[in-house]
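Thanks for coming. I have one structure to show today, so please look at the screen while I talk.

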Amino acid sequence: MQERLIFTADHALFRDQVRKFVQKEITPHVDHWRRQGRVDREVFAKAGQQGFLLMWASEEYGGCALTDLRYEQILYEELIRHGDIGVFFTLHSRIVAPYLQRFGTEQQCQQYLPGCVRGETILAVAMTEPDAGSDLAGMRARVEDAGDHWLLNGSKIYISNGLNADLFVVAARTQPDQKYAIGLFLVEAQWPGIHRTPLEKMGLDAQDTVIVYFDNVRVPKTNTLGDPTKGFAYLAHGLAEERLLGACQSLAHAQVAFDLTLEYVKERTAFGKPIGTFQNSRFTLAELRCQLDCQQTWVDQLVLQMNAGQLSAEAAAGAKLLTSELEGRVMDECVQLHGSAGYMEEYRISRMYRDARISRIFAGTSEIMKEIIGRSLGLDDRKLK
Ligand SMILES: Cc1cc2nc3c(=O)[nH]c(=O)nc-3n(C[C@H](O)[C@H](O)[C@H](O)COP(=O)(O)OP(=O)(O)OC[C@H]3O[C@@H](n4cnc5c(N)ncnc54)[C@H](O)[C@@H]3O)c2cc1C
């Protein structure tokens, strides 16, 4: 792997600290968590004690005001290398919690953020519905004004951290006659009228992905995030960062698959020699190596751009598109190089292959990423007509 130039000595120390944490608190539990379909919620509290959650949060909420995305990138890389990709600390810390910081009131932040930093309040975001994913404007979940509270009805599907979550950020329609009037609401999982059912998936076995039903849930008006008609704009706000984080995750995952395959092809022999010495194996791995290095350099650069407040929506979409497609290619080639062993649950590569498939779908599909990039080129049919 090519040397990466974006990290300092502080980052190296942090990496070391995270690695030790993962090896102690996560590695030994991965098989069990994958079998039970969720991580033990205590692992969030343990990560919180180490200061690994909501690192960006200010000290008044218990955070360490560390906004540098490189720390989150390192967390991902170590978590995936030594633990499991289904531990969704980053969703909690950098995708959901920032909604509170950006659009929440001081009172809402005081009420919820300290528990999130400690890992005692686990977060999830509920946007997708059975009939509305890429096209969120088709959502049906709605709130009705009932005086000092809203009445929330509807369902949300494929919600990550869904069983462990204590608090959901829920998107719901606020004005039946206006397609784009969506609000975001802070909904506590323990409130009456909320039912969650785990979903059986192809991969990400340790991730508790659920369908959530909201049946006349009373949501206090004080739990509205910002303006209840501007939810779409709020959702769009964090998308570039979310997609860049997706790119960091895809690359971290692909790098691990590459490394363990390289090791495998050096050990496994056929026709009297290590399979890695066949020209096909060498060429395949050489090509993947170059593509991984190339994309890693680009993504590292985008992480610095994010830190400088200069990340564009199309660059983030491009990074998610290319890295998730590469991740898929790497997994496929690596299973092939393992032969039938690569098809066996016993070998990590078979699980990684299944885990990787979702990267091209969630947080916006590859096709939607291409739409975003295409529009940035001025190729928007709404404008061209
Ligand atoms: C494991 C997992 C975790 C998830 N976590 C969450 C979560 O925490 N919170 C949450 O709210 N959601 C979550 N999701 C949902 C996920 O983000 C959506 O399912 C995803 O955005 C795709 O939406 P869809 O399933 O409705 O697909 P559809 O929109 O039905 O897309 C189907 C196909 O049509 C294509 N398509 C759609 N529109 C266009 C277009 N305009 N141009 C070209 N092609 C198009 C798509 O690219 C895709 O190939 C998760 C999903 C999974 C599987």
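I will go through the domains, then the salt bridges, then the aromatic rings.

One caution before the details: this is a predicted model. The numbers I quote are computed from it.

Domain 1 puts 19 residues into the contact, and domain 3 puts in 23 residues.

How much area do domain 1 and domain 3 bury between them? The figure is about 1,900 Å², and 56% of it is on carbon and sulfur atoms. On the domain 1 side, three residues to look for are Leu69, Arg81 and Ile85. Together they supply 31% of the area that domain 1 buries against domain 3, which is more than any other three residues. As for charge, three salt bridges are counted between domain 1 and domain 3.

Please also find Arg34 and Asp355. Their side chains meet in a salt bridge, with N to O at 3.0 Å.

That brings me to salt bridges in general. Searching the whole structure gives 25 of them.

Arg15 forms a salt bridge with Glu77, and the closest N and O atoms are 2.8 Å apart. Arg15 is in helix α1, residues 9-25, and Glu77 is in helix α4, residues 69-82, so to speak a link between distant parts of the chain, 62 residues apart. Is Arg15 buried or exposed? Its relative accessibility is 17%, so Arg15 counts as buried. Glu77 comes out at 9%, so Glu77 counts as buried too.

Arg15 and Glu78 are 63 residues apart in the chain. Glu78 has a relative accessibility of 2%, so Glu78 counts as buried.

These residues belong to a wider set. Arg4, Arg15, Arg19, Glu77, Glu78 and Asp300 are linked in a network of salt bridges. Arg15 has an aromatic neighbour as well: its charged end sits over the ring of Phe7, 5.2 Å from the ring centre.

Now to another salt bridge, Lys156 with Glu129. The closest N and O atoms of Lys156 and Glu129 are 2.8 Å apart. Lys156 is in strand β3, while Glu129 is in the loop between β1 (123-126) and β2 (142-145), and the two are 27 residues apart. Lys156 has a relative accessible area of 0%, so Lys156 is buried. Glu129 is at 7%, so Glu129 counts as buried.

Last topic, the rings. How many aromatic pairs does a search of the whole structure find? It finds ten. I will describe two of those pairs in detail.

Take Trp150 and Phe185. The ring centres are 5.5 Å apart and the planes are at 70 degrees, so the pair is edge-to-face. Trp150 lies in strand β3, residues 149-159, and Phe185 in strand β5, residues 182-188, so this pair ties together parts that are 35 residues apart in sequence. Trp150 and Phe185 are both buried. There is a charge here as well: the charged end of Lys221 sits over the ring of Trp150, 5.0 Å from its centre.

Then Tyr264 and Tyr347. Here the centres are 6.2 Å apart and the planes are at 85 degrees, so this pair is edge-to-face. Tyr264 is in helix α8, residues 239-267, and Tyr347 is in the loop between α10 (313-338) and α11 (348-356), 83 residues apart. Tyr264 has 14% relative accessibility, so Tyr264 counts as buried. Tyr347 has 30%, so Tyr347 counts as partly exposed.

Finally, there is a cluster of rings. Ring pairs link Phe14, Phe21, Phe52 and Tyr71.

That is what I have. I can go back to any of these residues on the screen.

Terms used. Residues are numbered from 1 along each chain as its sequence is written. This is a predicted model: local features need pLDDT of at least 70, side-chain atom pairs count only at pLDDT 80 or more; totals for chains, interfaces and linings use all residues. Side-chain values use heavy atoms; hydrogens and water are left out. Rings of Phe, Tyr and Trp (its six-membered ring) pair if their centres lie within 6.5 Å; planes under 30 degrees apart count as stacked, over 60 as edge-to-face and the rest as tilted. Helices (H or I, at least four residues) and strands (E, at least two) are DSSP runs, numbered from the N terminus. Buried means under 20% relative accessible area, exposed over 50%, partly exposed in between (1.4 Å probe, protein chains only). A charge sits over a ring if NZ of Lys or CZ of Arg is within 6 Å of the ring centre and within 35 degrees of the ring normal. Contact means heavy atoms within 4.5 Å. Buried area is the accessible area (1.4 Å probe) that two parts lose on being put together, summed over both. A salt bridge is a side-chain nitrogen of Lys or Arg within 4 Å of a carboxyl oxygen of Asp or Glu.
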